[in-house]
Amino acid sequence: MRPDRLNTTIAWLFMAGSACFVVGSVPAYLAATGGWVDGVTYVVGSVFFTTASYAQLVQAQTPGATGVDEVSQRRRVRAHLAGWLPHDRAWLAAATQFPGTLFFNISTTAALTHNATAAESNRYVWRPDLYGSVLFLVSSTFAVLAVSRRFLSLEPASPAWRIAWVNMLGSVLFMASAVASYVVPSSDEVLDTRIAVAGTFFGAACFFVGAALMLPAWRRDVTPPQPVAERRRNR
């Protein structure tokens, strides 16, 4: 694979998944298409998320996929489809994000079931959604730590720092949406529909922005090619 193409693919896949969640959470779209089509929109978005997340995990564990220059970004490297880098915070961010997307696959698919009881909705939709949101928060925390000197340090000039915090905001909003989506057994009603919808809409919008920022951030981080003599000394 080529590192530049992999990064571009990850960014566009995340943007596609985020767009599906944004559109799916618009009440007018639900009214126009119906509950089943709206649910399928979320399922498709979750598949985009999972595909992008796994590609990002491969990127994090593949030597030569990051930290490239203008020449090496176009040079094919062998993808590492599995890896174990527990001391690498960027890898930890990707490794916790990926199972989070799998929980979203489960919750969005289960949500297609009609006439589910409150207990069934909470077990098969709400719980996986909550678990996925927790893992997204953990992933965002690792991502912030991977690009910052300290968790609360301010580094607005860093594109990676801005991306990490935009995604952190998205994860917080997804968590708020997950909590508010709990179905109260006594009433069969969602705990707070407005927070659930708004959290999904604005959280997905944050993920869309964070993914879009990956493209200029990559171009900025790519270093000029080393002279031949210097590359030989560094080998």
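**View 1. Residues around the centre of the largest pocket.** The largest pocket is lined by 39 residues, and those nearest its centre are Y42, A111, V125, S181 and V190. The model shown here and in the other views is predicted. About 1200 Å³ of space lies in this largest pocket. Sorted by class, its lining consists of 19 nonpolar, 16 polar and 4 charged residues.

**View 2. Helices and a strand that line the largest pocket.** At least two residues of the lining come from each of the elements α1 (3–24), α2 (27–33), α3 (35–61), α4 (89–110), α5 (118–147), α6 (159–180), β2 (189–190) and α7 (193–221). Which element gives the most to the lining of the largest pocket? That element is α5, with 6 residues.

**View 3. The second largest pocket.** The volume of the second largest pocket is about 970 Å³. It is lined by 33 residues, and Q56, Q59, V147, I163 and M214 are the closest to its centre. Two or more residues of this lining are given by each of α1, α3, α4, α5, α6 and α7. By class, the lining of the second largest pocket divides into 21 nonpolar, 10 polar and 2 charged residues.

**View 4. The packing of helix α1 against helix α3.** The axes of α1 and α3 lie 8 Å apart, and the two helices pack at an angle of about 155 degrees. Because of this angle, α1 is roughly antiparallel to α3; angles over 145 degrees count as roughly antiparallel. The crossing in which α1 passes α3 is left-handed. Which classes of residue form the contact of α1 with α3? The residues of this contact comprise 13 nonpolar, 11 polar and 1 charged.

View 5. The structure holds 18 aromatic pairs, and one of them is formed by F49 and F207. The ring centres of F49 and F207 are 6.2 Å apart and the ring planes stand at 85 degrees, so the pair is edge-to-face. The cut-off for that description is an angle of over 60 degrees between the planes. Where in the chain do F49 and F207 lie? F49 is in helix α3 and F207 is in helix α7, 158 residues apart, and the pair thus links distant parts of the chain.

Notes:
Residues are numbered from 1 along each chain as its sequence is written. This is a predicted model: local features need pLDDT of at least 70, side-chain atom pairs count only at pLDDT 80 or more; totals for chains, interfaces and linings use all residues. Side-chain values use heavy atoms; hydrogens and water are left out. On a 1 Å grid over the protein atoms alone, a cavity is a set of points where a 1.4 Å probe fits but cannot get out, and a pocket is an open set with protein on both sides within 12 Å along at least five of seven lines; lining residues have an atom within 4 Å of a point. Grid points are joined across faces, edges and corners, and a volume is the space filled by probe spheres set on the points. Helices (H or I, at least four residues) and strands (E, at least two) are DSSP runs, numbered from the N terminus. Ala, Val, Leu, Ile, Met, Phe, Trp, Tyr, Cys and Pro count as nonpolar, Asp, Glu, Lys and Arg as charged, and the others, Gly among them, as polar. Axes are lines fitted to C-alpha atoms, for helices over the stretch in contact, and angles run from 0 to 180 degrees between N-to-C directions. Angles under 35 degrees count as roughly parallel, over 145 as roughly antiparallel, 65 to 115 as roughly perpendicular and the rest as oblique. A crossing is left-handed if the near helix is turned anticlockwise from the far one by less than a right angle, and right-handed if clockwise. Rings of Phe, Tyr and Trp (its six-membered ring) pair if their centres lie within 6.5 Å; planes under 30 degrees apart count as stacked, over 60 as edge-to-face and the rest as tilted.
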